[in-house]
Amino acid sequence: MSQPRFGRLIPAMVTPFDDDRKLDLDKAQELAVRLIEGGCDSLIISGTTGESPTVFYPQKMELFRAVVSAVDGKAPVIANVGDNCTEDSIEFALDVQKLGVDGFMTVVPYYNKPPQEGLYQHFKAIAEAVELPIILYNIPGRCVINMTAQTTLRLAHDFDNIVAVKEASGDLDQVKEIIEGAPAGFDVYSGDDAATLDIMKLGGVGVISTIANVAPGRMKEIVSLCAEGRWEEAADANERLMPLMKGLFETSNPILVKEALKLAGFPVGGVRLPLIDATPEQSQRLAAIMQEVGVL
């Protein structure tokens, strides 16, 4: 496989907070460097795992600025600018574009449940307004609606700066249809760590990952083996890490990935309400899984 524009392993980076749940920009910079040095190819900032619903626009700007400075061109920084209001998304993206980020991620609008034509018009408006490359993000479990393969492909063919999709629909037939119908240079990423092997077998290029916050080297091994067509070795590596891939989602993400970083000796603070921190029982089970898979 040729190397995709943003690489194969892209962590959806957690957003560090201090004890008062305020942004910890120093820790965010430290984490960004740690992830790049751990083998990650790019970073997505303020995605789902970065608690984007409770990190408001001015704080997102601070976060993007800090990470761009820390990474210093060593890897692409992708800013999540998607919202459920098209006009807000565009205005925010135009502000963020000035900060030196390398691309955008834009999620399917949530809560207001637009039809497929509304999704097309939403992403069309963003793509026409900005200059940077865009990764679409389809996650029906959080957005209530699914962006169909037909809509994704229509966008991929119509706009040169729509360059990839993070597919977290859980529908491998849909993923296969997108991969087979996509124009050259349009990349399909797994939006679920546990589905990465299956999606790369279909021709996907890699994963936008939660577990990479904790075990970047292990996840990089999996996607690299897949890219080289070493499927048996990839399946073995995937199976060894699968308990943690699943264990991190025992409760709402990113509660447990933040707890996992704490257990691994790199605390990044807790989560903001309405999310709540891991319980002692959850932490104990998570520690056991981390020990089982060899990351603790």
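Gly39, with a positive phi near 115°, follows helix 1. Helices (H or I, at least four residues) and strands (E, at least two) are DSSP runs, numbered from the N terminus. The model is predicted: local features need pLDDT of at least 70, side-chain atom pairs count only at pLDDT 80 or more, and totals for chains, interfaces and linings use all residues. Residues are numbered from 1 along each chain as its sequence is written, and side-chain values use heavy atoms, with hydrogens and water left out.

**Helix 1**

- Helix 1 covers residues 25–37, and its 13 residues should span 18 Å at 1.5 Å a residue, in agreement with the 18 Å between its end C-alpha atoms. The expected span is 1.5 Å times one less than the number of residues.
- Lys27, Ala28, Leu31, Ala32, Leu35 and Ile36 are the buried residues of helix 1; buried means under 20% relative accessible area, exposed over 50%, and partly exposed in between (1.4 Å probe, protein chains only).
- An α-helix has 3.6 residues a turn, so residues three or four places apart point the same way.
- Strand 1 (9–13), strand 2 and helix 2 are the elements against which the buried residues of helix 1 pack; contact means heavy atoms within 4.5 Å.

- Most residues other than glycine have a negative phi, and most peptide bonds are trans.
- Glu51, which is not a glycine, has a positive phi of about 60°. Glu51 sits in the loop between strand 2 (43–45) and helix 2 (57–71) and is buried, at a relative accessible area of 2%.
- Val144 also has a positive phi, near 80°. The loop between helix 5 (140–143) and helix 6 (149–158) holds Val144, which is exposed, with a relative accessible area of 54%.

**Cis peptide bonds**

- Asn253 and Pro254 are joined by a cis peptide bond with omega near 10°; Pro254 lies in the loop between helix 10 (231–247) and helix 11 (255–263).
- The bond between Leu273 and Pro274 is cis, with omega about 15°, and Pro274 belongs to the loop between helix 11 and helix 12 (280–293).

**Thr196**

- Thr196 is in helix 8 (residues 196–201) and counts as buried because its relative accessibility is 0%.
- A polar atom of the Thr196 side chain lies 2.9 Å from the backbone oxygen of Asp193.
- Apart from neighbours within four places in sequence, Thr196 is in contact with Ser190, Gly206, Val207, Met219 and Val223.

Technical notes. Polar contact = N/O pair within 3.5 Å; in protein donor to acceptor, adjacent residues only side chain to side chain.
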